[in-house]
Amino acid sequence: MSQPRRALAHPLRSRIVAHLRIDGAATGAELARVLETNTGVISYHLRVLEAAGLVEDTGLGNAKTRVWAIADDEDDDESFNDVAEDDPTGRWLDHDYVDHFAQRAHRWIDDQDAWASIWQESCGLRDVPVLATEEQFVAYLAELDELNERYRRIGAGSPGAKRVAVFLAPYPVDPPQ
């Protein structure tokens, strides 16, 4: 198993990474407050994540406070796909990721009335059936990746821009052949 995946094989570390990916850079104290633990525990886990190349000190802090963010690594998605199918840690991490998404989705469902109508109409759960061959589906995913990358930071510097998390979980509906 890769070092980044091994580093994430702890519930708190996976939550730290999820928080930094979705909510942006944060101090250890902010992470401790959001994740309901203490700064010493957060500090330890941030060092493990830093050693695995998953998070980095942004340099925006001061002498007492470090501001942490996701490490900008072009190959980070590749490193998570090298886990053996029978590896229970890899499966646990996948289940943990889905659980985390479910918590965020429940929060959106509960909080959506506080948002402007355009956000209420645009966000939420979607289920899009796709009928494709293996090759066509690979091409479809590549196009989605390109689209996501194009829009990833398109609102940077724009007043009113909001970060939006897009969860994609493709899975076959028909039985295997």
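Biologist: Which residues does leucine 20 touch, not counting residues up to four places away in sequence?

Modeller: This is a predicted model. In it, leucine 20 touches Ala25, Ala26, Leu31, Val55, Trp68, Ala69 and Ile70, leaving out residues up to four places away in sequence.

Biologist: And the largest nonpolar core, how many residues has it?

Modeller: That core has 17 residues. Leu20 is among those with the most contacts inside it, along with Ile16, Leu31, Ile42, Leu46, Leu49 and Val55.

Biologist: Which elements give two or more residues to this core?

Modeller: Those are α2, α3 and α4. The largest share, four residues, comes from α2.

Biologist: Switching to α4. Which residues are buried there?

Modeller: Ile42, His45, Leu46 and Leu49. Seen down the axis of α4, the buried residues fall within an arc of 110°, so they line one face of the helix.

Biologist: Why would that spacing put them on one face?

Modeller: An α-helix has 3.6 residues a turn, so residues three or four places apart point the same way.

Biologist: What covers the buried residues of α4?

Modeller: The cover includes helices α1 (3-7), α2 (11-23) and α3 (28-34). It also includes β2 (55-57) and β3 (67-70).

Biologist: How far apart are the end C-alpha atoms of α4?

Modeller: They are 18 Å apart. At 1.5 Å a residue, the 13 residues of α4 (residues 39-51) should span 18 Å, so the two agree.

Biologist: What happens at the start of α4?

Modeller: A side-chain oxygen of asparagine 38 comes within 3.0 Å of the backbone nitrogen of glycine 40.

Biologist: And which residue takes a positive phi just after α4?

Modeller: Glycine 53, with a phi of about 80°.

Definitions and conventions: Residues are numbered from 1 along each chain as its sequence is written. This is a predicted model: local features need pLDDT of at least 70, side-chain atom pairs count only at pLDDT 80 or more; totals for chains, interfaces and linings use all residues. Side-chain values use heavy atoms; hydrogens and water are left out. The expected span of a helix is 1.5 Å times one less than its number of residues. Buried means under 20% relative accessible area, exposed over 50%, partly exposed in between (1.4 Å probe, protein chains only). The arc is that of the directions from the helix axis to the C-beta atoms. Contact means heavy atoms within 4.5 Å. A polar contact is a pair of N or O atoms within 3.5 Å; within protein, one must be able to donate a hydrogen and the other to accept it, and residues adjacent in sequence count only if both atoms are side-chain atoms. A nonpolar core is a set of buried Ala, Val, Leu, Ile, Met, Phe, Trp, Tyr and Cys residues joined through side-chain atoms within 4.5 Å.
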